[in-house]
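Subject: Structure for you to look at

Hello,

Here is the structure I said I would pass on. Please open it alongside this email; my notes follow below.

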Amino acid sequence: MEPLQEPTKSGAKLKQFRQAYTADDNAARSQIHQTGKKIASSLLLSALAILTSCVFPLLTQAQTPPTLLPSPEPLDLKLLDPESRPPRSQVIRADSMSQAKPTVPSLWWAEEQFGGKLLENWLAYPDRQRVDLVVNRQLWSLLNYIGRYSFVNSFGTVARDYGYNTRVFIANQPQEPLATYTCNFSTTPVVCDLDIVSSGQDSLRVRSKPLGGFPATGNDTQAP
C-alpha cells in the first residue's frame, strides 16, 4: 500500500507549484497593469501641459487686448499762458470758447459739473484728438482713489464722445501725467483704458467697453 502514497505527495507538490505560479503570474500582471497606468497618466499629463502652454497664451492674448498707451508728449506750459493766442485749429483753451459757433470738443459743461476748484485749466488739440486737463496739486492729493477715478472718468467719457483721449497733469509736473483715459476708436464698441498713477508709483487700471459702442471718429482698468 505504501507505493500509493507517492502520487499523493507528487500531486500536492504540483498543486503547490501551480498555486505559487498563479500567484506570481497575478502579481506580475498587476505590476504590469499599474506600470501601464502610470505611463498612460504621465503621457496624458505631458500632453495636457503641452496643450496648455500652446493654447492658453493664444486664448489670453485673444481675450485680453494689449494695454492702450497714451501720448508721451509733455504738457505744453506755454499754451497755458493767458497772453498766448495759438490758432484755434491747433489748440482750444478753457478761456477760448467761441461765441459764434459751438466749439468741439465742448468741455465747458463738464467743467461746470465736475471741475470745481480742482480743475485749473484745460487744453484740447483738434488735430491730435487729445485733451489735457490741469488740476490743482493740493486738491488732487486730497482725493482718494474713488474721487480721482470719478473725476477722470467723468471728463474722459465726455471727451471720448468727441473722439478725444484725455490726460491729467499738474502744472509743475508737465512730463508725467497723473492719470490718462486712452481709447481705441477703431473698435466697436470703443475700448478705453483708465490709468491713475498714485504717489507711491503704484497704479490701478480699469478697462471699459461702453455699452452700445461709439462711432470711430479719429482703456475698465483703474489706477490711482
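One cut-off comes first: a residue counts as exposed when its relative accessible area is over 50%, and as buried when that area is under 20%. Please also keep in mind that this is a predicted model.

Asn172

By that cut-off Asn172 is exposed, because its relative accessibility is 58%. Asn172 sits in the loop that runs between β4 (165-169) and β5 (179-184). What does the side chain of Asn172 contact? There is a polar contact, at 3.5 Å, with the side chain of Arg137. In sequence Asn172 and Arg137 are 35 residues apart, while their C-alpha atoms lie 8.8 Å from each other in space.

β2 pairs with β1 and with β3. Strand β1 (residues 92-93) runs antiparallel to β2 and is joined to it by two bridges. In this pairing, Ile92 is opposite Ala124 of β2. Strand β3 (residues 130-135) is also antiparallel to β2, with six bridges between the two. Here Trp122 faces Leu133 of β3 across the pairing.

β2 and β3 together make a hairpin, with four residues between the strands.

Regards

Terms used
Residues numbered from 1 in each chain as written. Predicted model: local features only at pLDDT ≥ 70, side-chain atom pairs only at ≥ 80, totals over all residues. Heavy atoms only, no water. Pairing = 2+ DSSP bridges. Buried < 20%, exposed > 50% of the residue type's maximum accessible area, 1.4 Å probe, protein only. Polar contact = N/O pair within 3.5 Å; in protein donor to acceptor, adjacent residues only side chain to side chain.
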